[in-house]
Amino acid sequence: MSKKLTTTMPGAKPPKTPLGKYRILGPRCGLRVSPLAFGTMSIGEAYRSFLGAVNKEQAFKLLDTYYEAGGNFIDTANNYQDEQSEQWLGEWMELRGNRDEIALATKYTGNYRSYQFPDGESGISANITAVTMESRFMFRFDYSTSIEEVMQSLDAVVKSGKVLYLGISDTPAWIVSKANQYARDHALTPFVIYQGLWNVMVRDFERDILPMCVDEGMALAPWGTAGSGRFKSKAVIEERQKNNELIRSFTGEGITPAEEKVSAALEKVAQEVGGSITSVAIAYCLQRTPYVFPIIGGRKVEHLLDNLKALEITLSDEQVEYLELQTPSDPGFPQNLFGTDPRRFGEKTNFMVRSVLNLAWVKHPSAIPASCRTISDGLNLKQEFSGKWANTPVPNVKILPDDDTTIFYTSGTTGMPKGVLATNRSFLSNIPHVFVGGMRATLRRGEDLVLPNPDDPQKGVLISVPLFHAAGCHSMLCLATATRGKVAFIYKWDVDAAVDIILREKLTICGGVPMMARQLVNHPRMKQAGEVIESFAYGGAPSPLQLPGEARRAFPKSVPGQNYGMTETNSTAASHAGEDYLRRPDSTGLATPVNEILIMDEAGKHEMPVGQEGEVWLKGANIAKGYWNKPEATAQAFTQDGWVKTGDVGCVDEEGFLYIRDRAKDMIIRGGENIASVTVENAIYKDCAVVPIPHPTLGEQVAAVVATRPGHHGTLKAEEVAAFAAKSLPKFAVPSYVVIIEEPIERNANGKIAKKDLKNWVLRRWKEENEDIKAKL
């Protein structure tokens, strides 16, 4: 019997270092390259003013070190160091005679110095002194040349034999996808690798670029993985400051507080795994997704060797989570509403995946008049119909009050989001509800209602809540529309940006969820708006009892108010403002004129007496029809006679004012005692959230997560929080477990605390710290 071929053929020698263990570049490219690419932006002396200088001797030592460690993937560009990088790299390969062993990637940029080269090759052949390059990157898409022309031109370069593969860097995902689709449709060469900024602190890359690369089968070559030289230990930063040495980088000088914080976290993990700050930062990106080849650089050999240690580091899931918590990344809409692609990092909770059979379809864009396909053109709708569309017959369709009109999704803070189906009647009922609280306060003061004067200056509303939220659309946007008011949007909540908008646009109405309201009240520059703000309302979550008084002091001309409602009630169902609110800051007000309120027992059979708690039920013209395509959920939440079960625990007083104690799902039951999490949160009155954790004998106990404000980090202790809460709470309600964090508590796009995720995070942390108790559960 013959021997197996594998025993008679000699195998490849093991590499000197992990850098020599080559990997396939990507699913659509069979090129074998080192797992770390060497970037040559720092090689040269032209950028000495902001990167420092690396002379030719030092550059060759760096290249030799990388090559001798087994590296074969080198990245450059025609504009690096005013062409010195390409020139010296070409000389080095010629002297070492290793050009055939190097996978060379370069980039062309903005027709750089093309006047020197009549053939339009941007000097690349003259600099590299090589005939063929493995990969040529398009540095940036300049928007002045069509995608079709770009792809045809790049394909011609590949077919000429000068380049084997194409890459692209620093370009929006939609352009890359469109370019690759055009290339596939016309038998041209597509992009197989993408280069862009990505590290543990700056993770915008994960929003669209990374999923696009996974879908397109493209490799990733992220730059800046080690922070572009800005991830430094506290000791290094202090030493450099002592010696008046600047932290130099093409992104600027000096270290920001955020970079210091991330550096400290990297240093902590580095001590745990036996690495360095930069090697841990590079390892983070290596572990996040397949086919990723971080670009490493530096000006010193010891820095390069240290970066290579990233290939020997494996981070645990807990370490990755800890690093990411230092600078939470918002995936943006619509990912922050429905979840991200579960194929990426293994997310198991994705709303659209669970409801994949419940899809709504709209007409293809070809069925829509061309003039209405963009926002700017759509504004000319009236002109369009007065012109060539004037004689187009319009279907005679009756629009009835109870016709279906909107589907808005619940926030999903305690469960999966559900589509709430509303009618014209229920949707439009909210517009007068917005005014009820202020009008009632005026009448209860004994004053007459004053009709708006059309000659008064235009009022303005800051829409701080997304329009896919009932408060943002039904209350804020409809309020502005009904009163011919100005609308100002803020892309993502940031109190400094919000204050800038309020002052610049002279807005008169603002608010949001209580977290936003509290930040506005306490912002020092909002004093300038104190005499301008006329209405300051909020809702959507429990508010601290001190907030209405603070709002009145901050904005003396305003009428502070709070609204209560939910997506199922098309926003407002109860509200109050002015003196009523100041006297009852723990109440959410009276029912609107079209609403009724019931407080029902746990079984839903009997109404509770005045002052006693139960589940809040609401009825009225604003109540939605039910949950879209979810008959079981609809039957559970909506009664046949028109009531919606809110899931909130509350009571009413003798005058009918409603008091919300908690969400039923947020109630903590400790040894038979019901503890409302909102009561504990009000007692602490910080940026805090209260959730349950297990207790071996009592069932549940209270845990509190408290976020300190900037300038107070490290000054607050857990026992101080518990002692402060004990001043106003019964002993059984005082938190027995307190977690203090330095970042704001994570909230969803609507500004509400994502309690479901927070519960899981607290529970994991508590179990890790209490292994002995965990065994008893």
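I began at Gly224, which counts as buried at 9% relative accessibility (buried means under 20% relative accessible area, exposed over 50%, partly exposed in between, with a 1.4 Å probe and protein chains only). This is a predicted model, where local features need pLDDT of at least 70, side-chain atom pairs count only at pLDDT 80 or more, and totals for chains, interfaces and linings use all residues. Residues are numbered from 1 along each chain as its sequence is written, and side-chain values use heavy atoms, with hydrogens and water left out.

Next I looked at the surroundings of Gly224. I found Gly224 in the loop between β9 (219–220) and α9 (234–242); helices (H or I, at least four residues) and strands (E, at least two) are DSSP runs, numbered from the N terminus. Leaving aside residues up to four places away in sequence, Gly224 touches Leu197, Trp198 and Asn199 (contact means heavy atoms within 4.5 Å).

Then I turned to helix α3. Which residues of α3 are buried? I noted Ala59, Phe60, Leu62, Leu63, Asp64, Thr65 and Tyr66. Their cover includes β3 (37–39), β4 (73–75), α4 (84–96) and α12 (301–308). Just after α3, I saw Gly70 with a positive phi of about 110°.

Last, I checked Met439, and I found this residue in helix α20 (residues 430–444). Met439 is partly exposed, with a relative accessible area of 38%.
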